[in-house]
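Subject: Structure for your review

Dear colleague,

Please find below the structure that I am handing over to you. My notes on what was found in it follow directly after.

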Amino acid sequence: MQTPVNKNATKKAKELLSYLENISGKKIITGQHTQTNPMEEIEYIKSVTGKEPKLCGFELLSYSPNINYKDATEPCLTEVYENRDTVETALKWAKENPEGIVTLSFHWFSPISGRDKSFYAKNTDFDAAKVLVKDSPEQKAFYSDMEIIAKELRKFEEAGIPVLWRPFHESDGDWFWWGAKGPQVAKELYKLMFDYYTNVLHINNLIWVWNCRLKEGYPGDNCVDVVSVDIYLQQYESTGYEEDYKKLIANVSNNKVAALAEVGYMPDIKVLEKTHTPWAYYMTWSKEFCIGEQYNSKENLKAMYASDYSVTL
């Protein structure tokens, strides 16, 4: 039986991890990321299927302390404004849906410098490797930002809500500043955050989700509760992502709950009904990945939410 890596995890965090472990390979939890406060993705799914996802994803990017409003494009400002107050939206959703599961993503605008969407490495000269240098400006800014975000995470703990927390996502790529210096650096950043949030600030409602499929990027079983991967196929395939599961656990850990933390195309529920590939949950990304049929057809969406193998709200 898997126990949370935070030895002081709340009762509800322990129960959530245990639930994820027990469901893996028997069913899959339906999940959807929401990009804006109206949560139009959830309304769309409800209108098509009559049901709602059990897991809901929310974004913390607008809480980044270092957003350069003066040098930002219209798409950047739109994204920031659309994501304002998502913590309040997530808390409200969780209170109204006590059976629901909250997961948080964080497109972290670089702690120093940067312009526009500075979570992208191309928009900032912030050097993640310098965070690892004691008393560097980068390290100080990193910890300062972490403290501000911790205040938002604390609101969930105070409300008795466990959270699937997925920082430094997609660090197997170099497009975000935390992955730009390689997965080994991202791994160290994650370990710093885990230690700070768990042992210094004592935030105990978090289930720690790691999101990198590379062996050299794995922080270790002592600080990861869930191993996960993001998959965006070029075109639709009828798949349960079985090969991706095998690669993930071979590279990182087979002692942990596994999840499809972000997908463009939902897994094919008919395939999963046969293979029982033990993904605990999947989460479709927001906007066009969910709404309309550019990615997921209404037929596949209906099949997913109608299946006995799926867990909906």
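In these notes, contact means that heavy atoms lie within 4.5 Å. Please bear in mind throughout that this is a predicted model.

Helices α4 and α5

By that criterion, V87, E88, A90 and L91 of α4 meet E152, K155 and F156 of α5. Sorted by class, this contact has four nonpolar, no polar and three charged residues. The axes of helix α4 (residues 86-96) and α5 come within 11 Å, with a crossing angle of roughly 15°. Angles under 35 degrees count as roughly parallel, and α4 and α5 are therefore roughly parallel to each other. Their crossing is right-handed.

Which residues of α4 are buried? They are T86, V87, T89, A90, L91, W93 and A94. The elements that cover these buried residues of α4 include β3 (55-59), β4 and α5.

E152, one of the α5 residues in this contact, deserves a separate remark. E152 lies in helix α5 and has a relative accessibility of 11%. Buried means under 20% relative accessible area, so E152 counts as buried. Not counting residues up to four places away in sequence, E152 touches Y63 and V87. E152 and V87 are 65 residues apart along the chain, and their C-alpha atoms are separated by 7.0 Å.

Helices α5 and α6

Helix α5 (residues 137-158) also packs with helix α6 (residues 183-200): their axes come within 11 Å and cross at roughly 55°. The two helices are therefore oblique to each other. The crossing in which α5 passes α6 is right-handed. On the α5 side, the contact involves F142, Y143, M146, E147, I149, A150 and L153, which meet L189, L192, M193, Y196 and Y197 in α6. The residues of this contact divide into 11 nonpolar, no polar and one charged.

Helices α2 and α9

How do the axes of these helices lie, and at what angle do they cross? The axes of helix α2 (residues 40-49) and helix α9 (residues 298-306) come within 9 Å and cross at roughly 85°. That angle makes α2 roughly perpendicular to α9. Y44, I45, V48 and T49 of α2 make the contact with K298, L301, K302 and Y305 of α9. By class, the contact of α2 with α9 comprises five nonpolar, one polar and two charged residues.

Strands β7 and β8

Strand β7 (residues 226-231) pairs with β8 in the parallel sense, over six bridges. Within this pairing, V226 has V257 in β8 as its bridge partner. Strand β8 (residues 257-263) is mostly covered, with seven of its seven residues buried. In a regular strand, side chains alternate between the two faces of the sheet.

Is N123 buried or exposed? N123 lies in the loop between β4 (101-105) and α5. Its relative accessible area is 14%, so N123 is buried. Leaving aside neighbours within four places in sequence, N123 is in contact with G114, R115, D116, K117 and S118.

Helix α5 meets α4 through residues including E152, and α6 through residues including F142 and L153.

Yours sincerely

Note on methods:
Residues numbered from 1 in each chain as written. Predicted model: local features only at pLDDT ≥ 70, side-chain atom pairs only at ≥ 80, totals over all residues. Heavy atoms only, no water. Axes fitted to C-alpha atoms, helices over the stretch in contact; angles between N-to-C directions. Helix = DSSP H or I, 4+ residues; strand = E, 2+ residues; numbered from the N terminus. Parallel < 35°, antiparallel > 145°, perpendicular 65-115°, else oblique. Left-handed = near helix turned anticlockwise from the far one by under 90°. Nonpolar A, V, L, I, M, F, W, Y, C, P; charged D, E, K, R; others polar. Buried < 20%, exposed > 50% of the residue type's maximum accessible area, 1.4 Å probe, protein only. Pairing = 2+ DSSP bridges.
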